[in-house]
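Biologist: I'd like to learn how to read surface features in a model like this one. Could you walk me through a few?

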Amino acid sequence: ALAADVTRRVHGDKALGAAEEVSALLFGGADPKSLSRDALLALKLEIPVFTVERKDELTTYDVLEATLVGPEALFSSKADMRRMLQQGGVYLNGRRIGPEREPVSSDDLLDGEFVLVRKGAKTYGLVQA
């Protein structure tokens, strides 16, 4: 209650709502597709953000390969990524994905440009197309 009151006073009701949505996603298992634009922008400040070039047919592998780049990479290598996929430990927008390449449609993009990647139980990354 104290944190909510301070956030409301300092940042306003809009920021409080976004912070509550992000907290519900990261700590309460909320559905990523329910996030507002404000919550996605707040989430960008909390977890690693990766970019992928948008093309005609974007696949799950394209999205995951984007998370291999940079100091905050979600996977240490492509082999690590494939192993996690085979073990069922990778999620896109809260949906478990397998090792087969699946297309990512525009309906799968949060707010038309983001995909939330989760590795294991608590490691998140946001891929921006």
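**Reading the surface**

Modeller: Happy to. Keep in mind that this is a predicted model. Let's start with Val10, which is exposed, at a relative accessible area of 58%. Val10 belongs to helix α1, residues 2-11.

Biologist: Which residues form a nonpolar patch on the surface?

Modeller: Leu2, Val6 and Val10 do, and together they have about 300 Å² of accessible area.

Biologist: On to charges, then. How many salt bridges does a search of the whole structure find?

Modeller: Ten. The idea is that a side-chain nitrogen of Lys or Arg sits within 4 Å of a carboxyl oxygen of Asp or Glu. Take Arg8 and Asp13: their closest N and O atoms are 2.8 Å apart, so the pair counts under that cut-off. Asp13 is exposed at 56% relative accessible area, while Arg8 is partly exposed at 41%.

Biologist: What does the salt bridge between Lys78 and Glu65 look like?

Modeller: There the closest N and O atoms are 3.5 Å apart. Lys78 is in helix α5 (residues 78-86) and Glu65 in helix α4 (residues 60-66), so this pair ties together parts 13 residues apart in sequence. Both partners are partly exposed: Lys78 has 43% relative accessibility and Glu65 has 27%.

Biologist: Which residue forms a salt bridge with Glu102?

Modeller: Arg95, with the closest N and O atoms 3.1 Å apart. Arg95 is partly exposed, at 40% relative accessible area.

Biologist: And which residues do salt bridges with shared partners join into one network?

Modeller: Arg37, Asp111 and Glu113.

Note on methods:
Residues are numbered from 1 along each chain as its sequence is written. This is a predicted model: local features need pLDDT of at least 70, side-chain atom pairs count only at pLDDT 80 or more; totals for chains, interfaces and linings use all residues. Side-chain values use heavy atoms; hydrogens and water are left out. Patches are made of residues with over 30% relative accessible area and no salt bridge: like charges are joined within 9 Å, nonpolar side chains (Val, Leu, Ile, Met, Phe, Trp, Tyr) within 5 Å. Accessible areas come from the Shrake-Rupley method with a 1.4 Å probe; for residues, only the protein chains shown count as cover. Helices (H or I, at least four residues) and strands (E, at least two) are DSSP runs, numbered from the N terminus. Buried means under 20% relative accessible area, exposed over 50%, partly exposed in between (1.4 Å probe, protein chains only).
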